[in-house]
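The following exercises concern the protein shown below.

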Amino acid sequence: MKEKIEALLAEIESLSCKTQQDIENARVRLLGKKGSITALFDEFRTVPPEMKREFGQKLNQLKNAAAEKIAALRESLEESSAASGSSFDLTMPGEPFSLGSRHPVSIVREEIIGIFRKFGYDVAEGPEIEDDWHVFEALNFPPEHPARDMQDTFFISSGHKDPILLRTHTSSVQVRAMETLPLPIRIICPGRVFRNEAISARAHCIFHQVEGLYIDEHVTFADLKQAILLFVREMFGADAQIRMRPSYFPFTEPSAEVDVSCNICHGKGCNICKGTGWLEILGCGMVDPNVLEASGIDSRKYSGFAFGMGIERIAMLKWQVKDLRNYFENDLRFLKEFETSI
Ligand code: DAH
């Protein structure tokens, strides 16, 4: 029996297999019901009692050695076939996975950028954490100006002379552009803005805007109106109309708010446009000379227009989304509705 055990140990040690089937055959040959190790366990019954202890240990060692060797052979074969890629069965059906979809805010942002790029506008970006100068002061909001209350601000530090804050509008990027870019300037500035507002269906503390700025010699209000009309017709359809209402912004003079004809009822009046036939989409105006001068631009030589719109607002009009909170909750049931728009 001793010799048999030693011969089997040597066999196990030198065992090598090329396929899973070889390994399985070796397992059956050694450890199967009729395997040689199993046979030795049967033979063990005939071993005299005084030798049972010694042979019992040897047999168990043999059985463990065989099991370990088989496991090691399996593992190394799996590793080498995974490395050579041969375990990958190309005929297996693929596992379906969801592609996801673009967020409606991204879809509309890209659409707005695409339209203005066609008109020759570049995209400019600026920081979300800003200083008072770029968000307010350079835009003609003096320190105690009541218009600052229109934009409830999140302050990061308000202790010193020039507070640090989260930008409340992307108009800050036009200041950065006017300070750094060569003239003429024709840019749009998409970005995220922050206001200290209670969250509701109609207001959120985070939203997105696109700012536009055009500065050159002899830019007039007629140029502004034409730019907005072209944009609106690209965005809402060739038959869309606009109307401009006088308004007030500290950084533009004159200022206007722009309405687009309601694309649901086409002017007849419905609950989306609250019976008026018009939907408000943006604010705009001629850049105030004070704003040009604050950024070092000669307001006698140059003039310009600016406009600003909310991306969520445009998306709401495009898809009749009634609750602003939908844009921020990342509910897949909502996001999946935009899958086909990719
Ligand atoms: N900054 C304004 C806001 O957040 C939007 C705006 C209005 C931007 C008029 C402009 C503009 O550039 O001319 O409400």
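The protein has twelve helices and ten strands; helices (H or I, at least four residues) and strands (E, at least two) are DSSP runs, numbered from the N terminus. The model is predicted, so local features need pLDDT of at least 70 and side-chain atom pairs count only at pLDDT 80 or more, while totals for chains, interfaces and linings use all residues. Residues are numbered from 1 along each chain as its sequence is written, and side-chain values use heavy atoms, with hydrogens and water left out.

**Exercise 1. Overall dimensions**

Solution. Step three turns to the principal axes, along which the C-alpha trace spans about 115 × 55 × 40 Å.

**Exercise 2. Strand pairing**

Task: Determine which way S10 runs relative to S6 and relative to S9.

Solution. First, recall that two strands pair if DSSP finds at least two bridges between them. Next, consider S6 and S10: eight bridges join them, and they run antiparallel. Within this pairing, Ile 215 stands opposite Gly 304 in S10. Then consider S9 and S10, which are joined by five bridges and also run antiparallel. Here Leu 282 has Met 309 of S10 as its bridge partner, and Gly 283 has Gly 308 of S10. Finally, strand S8 (residues 252-261) is joined to S9 by eight bridges, again antiparallel; Val 260 is partnered with Leu 279 in S9.

**Exercise 3. Burial**

Task: Explain why S9 is described as largely enclosed, and identify the buried residues of helix H10.

Solution. Begin with the term: buried means under 20% relative accessible area, exposed over 50%, and partly exposed in between (1.4 Å probe, protein chains only). Eight of the ten residues of S9 are buried, so S9 is largely enclosed by the rest of the structure. S10 is mostly covered, with six of its eight residues buried. In helix H10 (residues 311-319), the buried residues are Ile 311, Glu 312, Ile 314, Ala 315, Met 316 and Leu 317. Their cover includes strand S9 (278-287) and strand S10 (303-310). Just after H10, Gln 320 takes a positive phi of about 55°.

Conventions:
Contact = heavy atoms within 4.5 Å.
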